[in-house]
Amino acid sequence: MVYKGACYCKAVKYEIDIASPDEARTSLCHCKNCKRFFGTAFGLTTKIPVKAFSYTSDSAKPTIHEADNGSGSLLHREFCSKCGSGILEYGAAAANDFRYIMTGTLQDPGALPPKGEFFCAYREKWMPEVPGIFHKEYLKE
């Protein structure tokens with residue numbers, strides 16, 4: 001199954017090629033870094049195998065930003081230099097195996113619904129728990 005996506009201005013375009021939606025895991029993240037990067041109360045990303053992701057031949061080259069995520073680990077993010085839309089991210093530990101796609105950049109974000117929430121200990125008090133998915137207070141439990 002091929003899922004297409006792009007940034008807001010459509011300069012940066014990509015495809016995800018997976019055999020089944022089971023190969024993807026969309027999740028909400030309530031950590032401080034995601035809140036700040038997404039500019040919202042949570043981040044929403046879709047984890048896919050690194051080999052499933054590719055920029056299309058007519059895509060602009062994304063801008064790359066790398067920095068310590070606050071815990072001593074390097075976080076890599078790619079975004080459009082024209083409109084600023086985030087495209088993907090991954091930490092140093094996942095670099096060879098996974099990409100975390102900004103779910104809202106998919107043509108059909110609803111095609112890969114959330115399977116879980118992370119850092120629920122930091123979920124905003126006004127935000128309800130998403131029913132029917134897993135919930136982790138922190139990343140590793």
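**Exercise 1. Find which residues lie nearest the centre of the second largest pocket, and describe its lining.**

Step 1: Pick out the centre. K4, G5, A6, K10 and Q107 lie nearest it, among 14 lining residues. This is a predicted model, in which local features need pLDDT of at least 70 and side-chain atom pairs count only at pLDDT 80 or more, while totals for chains, interfaces and linings use all residues. Residues are numbered from 1 along each chain as its sequence is written, and side-chain values use heavy atoms, with hydrogens and water left out.

Step 2: Recall the term. On a 1 Å grid over the protein atoms alone, a pocket is an open set of points where a 1.4 Å probe fits, with protein on both sides within 12 Å along at least five of seven lines; lining residues have an atom within 4 Å of a point.

Step 3: The space comes to about 190 Å³, a volume being the space filled by probe spheres set on the points. Strands β1 and β2 each supply at least two lining residues; strands are DSSP runs of E with at least two residues, and helices are runs of H or I with at least four, numbered from the N terminus.

**Exercise 2. Describe the largest pocket.**

Step 1: Its volume is about 880 Å³.

Step 2: Of 29 lining residues, N69, L75, Y100, F119 and L139 lie nearest the centre.

Step 3: Now see what supplies the lining. β3 (25-29), α1 (32-38), β4 (43-49), β7 (74-79) and β8 (86-91) each give at least two residues, with the largest share, four residues, coming from β3.

**Exercise 3. Work out whether E117 is buried or exposed, and which side chains it contacts.**

Step 1: Locate E117 in strand β10 (residues 114-118).

Step 2: E117 counts as buried because its relative accessibility is 0%; buried means under 20% relative accessible area and exposed over 50%, with partly exposed in between (1.4 Å probe, protein chains only).

Step 3: List the partners. The E117 side chain makes polar contacts with the side chains of H30 (2.6 Å) and R123 (3.2 Å). Such a contact is a pair of N or O atoms within 3.5 Å; within protein, one must be able to donate a hydrogen and the other to accept it, and residues adjacent in sequence count only if both atoms are side-chain atoms.
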